[in-house]
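Me: Please take me through one part of this model closely, the metal site. Then show me how the rest of the chain is laid out around that topic.

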Amino acid sequence: MKLRDLDFAALPRWPAAFNQVPKWAFEDPDVFDLELERVFRGPLWHPVAHDAELPKPGDYKTVTVGRTPLLVIRGDDGQVRAFHNACTHRSTKLAMAFRGHTGDIECPYHRWVFDTRGRLRACPGEAEYPPDFKRADYDLAQPRTAQYLGLQFVSLHPDPPPLLDWMGHMAEPVRDALGGDGRLTLLGYQKVRYQSNWKVYIDNDAFHAPLLHAAFRMLRWQGGSGRQSRLPAGHMMILSEVASQPGDGGLLRDPSVIAYHGGAAPRNKAPAQAAGSSLLAFWPLTAIANHLDIFNIRYANPVGLDQVEVHYAYFAHADDDAQMVRHRLRQSSNMIGPSGFVSLEDATVFLRIQQALDTEPGATYFLKGYRDGADLTETKQNDEAPNALWWEHYRATMGFERHSGAS
Ligand code: FES
Ligand SMILES: [Fe+2]
């Protein structure tokens, strides 16, 4: 737990201009400590798993939210639960693997044993514990939990808002992104550790997509119109249209890798999204993305001040036939992730930003689509201006005061 509060007086004020972000926000260790308290332990929900990732009783995955390690496990009663991943005796971390399958969970230190529902079942030497010792007092601790179509959320705050209130208007697009019914099957994971502050990662604007990513242009992945929405709780929605069936212009040996089948038989998209892509980013940084026939949940968490780890979990819909599953797998692994067309470029830019923060000017600027005083809640698909609204939510959450004069 944090023992001291940030010395606000020691920090420069937040710029008065709405479209500026001070560079110290990305590189100050005290700011990061405060984020762990005010953002990651704040009254909000973190998506941590979809039921499809834990199909059988005893299946588990480990996640970290802020700096709190959690264990998400399907109990022998079929129910998925989240626990603090720490022995209730002396706080030894229990599960170390990213994923696995287990019966009872045994702590190696003094061999306490917990079942898959988190109940303490056995503890050596119990006869010599204090007379009022009761095992039930030492069941694994649970964060607040909620679920939506199989997507499991946790909150480290004692009193988070109801999940659907917090999701607001994003609930419907999330439902569509989860195939309309949440009946998914897991295809696999890619893990990426970006060498940048977590906010550099989530600040990855919609402006850059066709500019940085040559593949977007060459393969005509993005075109037509589209829109971005920013919600009061800090969520971001980018709903893009693809003007026509993407083409490779003869660049690919096998253009079927970028074929789009979802339009003919929508499996994970509502009709309105059938010819496009969507990125639904929960505040503060986990997102659900659809591009062509790729569907992934991007669980993200800072590893420290200057690293963020993203676990891309790829899914198919339970009704997909074997051919569609194969298509989704090929497309997923060829477009996004370490060997894909896109993520490597983002990773390079994130690193270059992180390396250049101790420079003048002291702020970064959102310009495309920006007008002073304009409403940025609904904007065009390739504007960067709406990112300013994300930052306003961040600034208010953190309690930073804006500079009163011109900056
Ligand atoms: S710390 Fe787990 S049994 Fe003692
Ligand atoms: Fe990008």
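Reply: Along the chain, the donors of the iron ion (ligand 2) are spaced as H-x4-H-x132-D. Donors are N, O and S atoms within 2.8 Å of the metal (3.2 Å for Na, K and Ca); water is not among the atoms, so sites may look incomplete. His-208 sits in the loop between α5 (198-202) and α6 (209-212), while Asp-346 is in helix α9 (residues 343-355), so the pair ties together parts that are 138 residues apart in sequence. Helices (H or I, at least four residues) and strands (E, at least two) are DSSP runs, numbered from the N terminus.

A word on the basis. This is a predicted model, in which local features need pLDDT of at least 70 and side-chain atom pairs count only at pLDDT 80 or more, while totals for chains, interfaces and linings use all residues. Residues are numbered from 1 along each chain as its sequence is written, chains are lettered from A and ligands numbered from 1 in the order in which they are written, and side-chain values use heavy atoms, with hydrogens and water left out.

Back to the metal. His-208 (NE2), His-213 (NE2), Asp-346 (OD) and Asp-346 (OD) coordinate the iron ion (ligand 2), at 2.1 to 2.4 Å. The angles among these 4 donor atoms run from 58 to 154 degrees, and the site is irregular. Here is the rule behind that word. Four donors are tetrahedral if all angles lie between 85 and 135 degrees; four are square planar and six octahedral if opposite donors are over 155 degrees apart and all others between 65 and 115; anything else is irregular.

His-208 counts as buried, at 14% relative accessibility. Asp-346 is buried too, with a relative accessible area of 7%. Buried means under 20% relative accessible area, exposed over 50%, and partly exposed in between (1.4 Å probe, protein chains only).

Now the chain that carries the site. It has 10 helices and 20 strands. Its radius of gyration is 22 Å, close to the 22 Å that the globule rule gives for 407 residues, so the chain is as compact as a globular protein of that length. That radius is taken over C-alpha atoms, and the globule rule is 2.2 Å times the number of residues to the power 0.38. Along the principal axes, the C-alpha atoms fill a box of roughly 70 × 60 × 35 Å. Of the 407 residues, 52% are buried. Among contacts with a separation of 6 or more, 64% are between residues 24 or more positions apart. Contact means heavy atoms within 4.5 Å. The accessible surface comes to about 18200 Å², and carbon and sulfur atoms hold 52% of it. Such areas come from the Shrake-Rupley method with a 1.4 Å probe; for residues, only the protein chains shown count as cover.

Then the strands. In strand β4 (residues 68-74), 6 of the 7 residues are buried, so this strand is largely enclosed by the rest of the structure. Strand β3 (residues 59-65) runs antiparallel to β4, joined by 6 bridges. Two strands pair if DSSP finds at least two bridges between them. Tyr-60 has Ile-73 in β4 as its bridge partner. Ile-73 also stands opposite Arg-81 in β5. β4 and β5 are antiparallel, with 5 bridges. Both turns hold a glycine with positive phi. Gly-66 is at about 65 degrees in the β3 and β4 hairpin, which has 2 residues between its strands. Gly-78 is near 90 degrees in the hairpin of β4 and β5, with 5 residues between the strands.

A further sheet is open, with 3 strands in the order β7-β8-β9 and antiparallel pairing. β7 (105-106) and β9 (120-122) are at the edges with a single partner strand each, so one side of each has no neighbour in the sheet.

Most residues other than glycine have a negative phi, and most peptide bonds are trans. Leu-292 has a positive phi of about 50 degrees. This Leu-292 is buried, at 4% relative accessible area. Ser-91 also has a positive phi, about 75 degrees. Ser-91 is exposed, at 52%. Trp-283 and Pro-284 are joined by a cis peptide bond, with omega about 0 degrees. Glu-360 to Pro-361 is cis as well, with omega near -5 degrees. Pro-361 lies in the loop between α9 and β19 (363-365), and α9 is the helix that holds Asp-346.
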